[in-house]
Amino acid sequence: MDTNLLREVLARWASGVVVVATMTDSGRRHGMTASSFSAVALDPPLISICLTTTSTTQRLIEQSDIFTVSILGHDHEPIGRRFAGMDKSGTTDRFGQERWDTAQTGAPVLADAVGWLDCRVAARHEAGDHTIILGTVQAAATPRSAEPLIYHARTFCKLRNAMMQGVIQ
């Protein structure tokens, strides 16, 4: 399979944007932007994330067995860019510009996220060059309501709410 063609086809799938975060053994926060997040089950409460097997985030989650998922709203594009390494401002502390709270497991969550989930690793599955991580949800919250930040065709997009614009009655 031609990997460039596969990337092009997969870029046509729109997804939400999250920040996956964890803690190091020394107590340092670490996180990355991800779009490969999904609900798995309500009973028991399980979610999944897929991370490149060689990524620092995947390695740190493997060591700590905890992670959080902060769901980004349409106004969080700068956060999404910064945690994806797309911010060229020279900022070294990705967590330094917003308020981050500490979840039950000790991992950081974005205080004004659209929603967040605090998880303990339930299972890991190797899948090619990625690791599928299943997390058992320990705590969750919806700090505020906002339209989602969407990733489509290799760019961040904002969903337009047709009802609020009067297009749909």
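The side chains of R144 and D75 meet in a salt bridge, 2.6 Å from N to O. A salt bridge here is a side-chain nitrogen of Lys or Arg within 4 Å of a carboxyl oxygen of Asp or Glu. By this rule the count comes to 8 salt bridges. This is a predicted model: local features need pLDDT of at least 70, side-chain atom pairs count only at pLDDT 80 or more, and totals for chains, interfaces and linings use all residues. Residues are numbered from 1 along each chain as its sequence is written, and side-chain values use heavy atoms, with hydrogens and water left out.

**R144 and D75**

- R144 lies in the loop between β10 (130–141) and β11, and D75 in the loop between β6 (66–71) and α3 (77–83), so the pair ties together parts that are 69 residues apart in sequence.
- Helices (H or I, at least four residues) and strands (E, at least two) are DSSP runs, numbered from the N terminus.
- R144 is partly exposed, at 24% relative accessible area.
- D75 is partly exposed too, at 39%.
- Buried means under 20% relative accessible area, exposed means over 50%, and partly exposed is in between (1.4 Å probe, protein chains only).

**R82 and E98**

- R82 forms a salt bridge with E98, and their closest N and O atoms are 2.4 Å apart.
- R82 sits in helix α3, while E98 is in the loop between α3 and β7 (100–102).
- The two residues are 16 apart, and the pair links distant parts of the chain.
- R82 is buried, with a relative accessible area of 3%.
- E98 is partly exposed, at 23%.

**E8, R12 and R154**

- Salt bridges that share partners join E8, R12 and R154 into one network.
- In the bridge between E8 and R154, the closest N and O atoms are 3.2 Å apart.
- E8 lies in helix α1 and R154 in the loop between β11 (149–152) and β12 (155–158), so this pair ties together parts that are 146 residues apart in sequence.
- E8 is partly exposed, at 32% relative accessible area.
- R154 is also partly exposed, at 45%.

**A nonpolar patch**

- M1, L5, L6, V9 and L10 make a nonpolar surface patch of about 520 Å².
- V9 lies in helix α1, which covers residues 3–10.
- Patches are made of residues with over 30% relative accessible area and no salt bridge; like charges are joined within 9 Å, and nonpolar side chains (Val, Leu, Ile, Met, Phe, Trp, Tyr) within 5 Å.
- Accessible areas come from the Shrake-Rupley method with a 1.4 Å probe, and for residues only the protein chains shown count as cover.
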